[in-house]
Amino acid sequence: MNSPLKAGPRHHSEVLYYFDIVFTIIFTIEIALKILGNADYVFTSIFTLEIILKMTAYGAFLHKGSFCRNYFNILDLLVVSVSLISFGIHMWSSAYSLLFAPSEILSSSPLYSSLCLLALEYSCSR
């Protein structure tokens, strides 16, 4: 006999099963993206080391078999240079925001404004 009471929990368990699968996929993608974000630093470091070793072994410019006489090596150097520049910009912007974040927070407070006015009055009275 098929009871309507038995159909209810089975339906809910199927919904929860698919709900669980969807969230497992979402969390797996999120973890993969975090790993790939860190992999960028790893691969750039490896390719930078490769360029340094190749330039040391083959020489940079002067003779026929040098590093910069091969177009693929120049392309590799360009890609790694752009990646290193982007890392530098990212690090500079992070350091800049950490350096000036307290002053932006303080400048929005009324206490800071009144302290600035007091300092201005004191410096003008001298």
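In the predicted model, 38% of the contacts in the protein chain with a separation of 6 or more are accounted for by residues 24 or more positions apart. The chain contains three helices and zero strands, and its elements follow the pattern α-α-α when read along the sequence.

Of the 126 residues in the protein chain, 9% are buried. The chain exposes about 11000 Å², of which 74% is supplied by carbon and sulfur atoms. A nonpolar patch on the surface is formed by Y17, Y18, I21, I25, I29, L33 and L36, and these residues together have about 740 Å² of accessible area. One of the residues in this patch, I25, is located in helix 1, which spans residues 4-58. The relative accessibility of I25 is 46%, so this residue counts as partly exposed, the class that lies between the limits of 20% and 50%.

A buried position is provided by N73, which has a relative accessibility of 9% and therefore falls under the 20% limit for buried residues. N73 belongs to helix 2, comprising residues 71-107. When residues up to four places away in sequence are not counted, N73 touches K54 and F67. With K54, the interaction includes a polar contact between the two side chains, at 3.4 Å. The C-alpha atom of N73 is also separated by 8.2 Å from that of I51, a residue 22 positions apart from N73 along the chain.

Note on methods. Residues are numbered from 1 along each chain as its sequence is written. This is a predicted model: local features need pLDDT of at least 70, side-chain atom pairs count only at pLDDT 80 or more; totals for chains, interfaces and linings use all residues. Side-chain values use heavy atoms; hydrogens and water are left out. Helices (H or I, at least four residues) and strands (E, at least two) are DSSP runs, numbered from the N terminus. Buried means under 20% relative accessible area, exposed over 50%, partly exposed in between (1.4 Å probe, protein chains only). Contact means heavy atoms within 4.5 Å. Accessible areas come from the Shrake-Rupley method with a 1.4 Å probe; for residues, only the protein chains shown count as cover. Patches are made of residues with over 30% relative accessible area and no salt bridge: like charges are joined within 9 Å, nonpolar side chains (Val, Leu, Ile, Met, Phe, Trp, Tyr) within 5 Å. A salt bridge is a side-chain nitrogen of Lys or Arg within 4 Å of a carboxyl oxygen of Asp or Glu. A polar contact is a pair of N or O atoms within 3.5 Å; within protein, one must be able to donate a hydrogen and the other to accept it, and residues adjacent in sequence count only if both atoms are side-chain atoms.
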